Amino acid sequence: MKRYLYITFALLVLLAGQAGAQRRLPKMKGVSLTAGMTDGFYCKANKPDAGFSFGLAVSTYAKKRNQWVLGGEVLKRNTPYRDGSIPLVQYTGEGGYYYNIFSSPNKTVFLSIGGSAMLGYESVNGGKRLLYDGATLGQCESFIYGGAITLEAETYLSDRFSAAAPGFRERNPFGGSASTHAHFQYGIGIKYIL
């Protein structure tokens with residue numbers, strides 16, 4: 001998996017200077033699809049203590065290449081419990097503002113930091129209170145709320161496509177039954193400019 005991430009990053013660097021149109025102008029819109037890892041690197045050896053996420057978002061660019069983002073995300077994580085794990089799934093909708101902190105002179109690479117509010121639903125152990133060893137959960141389904149802070153890198157592959165890497169993201173949902181409230185995420189995505 002790491003090899004594919006390195007190859008993708010190398011291609012992004014090689015293709016970064018290929019596009020030449022103006023970018024991130026006010027009122028431009030983009031649709032992005034992202035995938036990432038949650039709370040560690042999800043692999044066979046680390047399966048009981050890591051997770052993954054998928055997201056779909058719409059961006060509307062504002063002045064100074066900043067952007068408003070509105071989207072949804074599904075996060076699945078396994079929480080270690082005795083000899084196994086308990087699945088946790090969160091479905092969230094988010095809205096926030098990302099401030100552009102760096103743009104390359106040729107406007108192909110951008111770095112943004114943003115904050116967003118979230119509201120959603122959480123399911124632990126598939127909504128079943130009874131665990132496999134006979135123990136019971138106090139709360140297995142609930143509505144959640146909170147926020148997220150994101151550091152995002154974006155590079156344009158062409159006039160209409162860019163690779164977005166919501167590089168580092170910290171989600172803090174409250175109101176749920178998860179053993180830990182904060183979730184650290186990192187990933188990669190593709191954005192289509194409308």
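This passage describes the fold, the surface and the side-chain pairs of a predicted protein model.

From the N terminus, the order is α-β-β-β-β-β-β-β-β. Of the 194 residues, 39% are buried. Contacts between residues at least 6 apart in sequence were examined, and 60% of them join residues at least 24 apart.

The accessible surface of the protein is about 10600 Å². Carbon and sulfur atoms account for 66% of that surface. A nonpolar surface patch is formed by L33, L56, F161, I190, Y192 and L194. Together these residues expose about 570 Å² of accessible area.

Six aromatic pairs are found in the whole structure. One of them joins F110 and Y156 in an edge-to-face arrangement. The ring centres are 5.9 Å apart, with 75° between the planes. F110 belongs to strand β5 (residues 109-124) and Y156 to strand β6 (residues 141-156), so the pair ties together parts 46 residues apart in sequence. Both F110 and Y156 are buried. Each of these rings also has an arginine over it. The charged end of R23 sits over the ring of Y156, 4.7 Å from its centre. The charged end of R24 sits over the ring of F110, at 4.5 Å from its centre.

Seven salt bridges are present in the structure. Among them is the bridge between E73 and R169, with the closest N and O atoms 3.9 Å apart. E73 is in strand β3 (residues 67-81) and R169 is in strand β7 (residues 161-174), so this bridge ties together parts 96 residues apart in sequence. Buried means under 20% relative accessible area. E73 has 10% and is therefore buried. R169, at 8%, also counts as buried.

A salt bridge also forms between R171 and E94, where the closest N and O atoms are 3.7 Å apart. R171 lies in strand β7 and E94 in strand β4 (residues 84-103), 77 residues apart. R171 is buried at 0% relative accessibility, and E94 is buried at 9%. Salt bridges link E73, E94, R169 and R171 in a network.

K191 and E154 form another salt bridge, with the closest N and O atoms 3.6 Å apart. This pair links strand β8 (residues 183-193), which holds K191, to strand β6, which holds E154. The two residues are 37 apart. K191 is buried, with a relative accessible area of 1%. E154 is buried too, at 1% relative accessibility.

Conventions
Residues numbered from 1 in each chain as written. Predicted model: local features only at pLDDT ≥ 70, side-chain atom pairs only at ≥ 80, totals over all residues. Heavy atoms only, no water. Helix = DSSP H or I, 4+ residues; strand = E, 2+ residues; numbered from the N terminus. Buried < 20%, exposed > 50% of the residue type's maximum accessible area, 1.4 Å probe, protein only. Contact = heavy atoms within 4.5 Å. Areas by Shrake-Rupley, 256 points an atom, 1.4 Å probe, with all protein chains shown as cover. Patch = residues over 30% accessible without salt bridge, like charges linked within 9 Å, V, L, I, M, F, W, Y side chains within 5 Å. Salt bridge = Lys/Arg side-chain N within 4 Å of Asp/Glu carboxyl O. Phe/Tyr/Trp six-rings, centres within 6.5 Å; stacked < 30°, edge-to-face > 60°. Lys NZ or Arg CZ within 6 Å of the ring centre and 35° of its normal.
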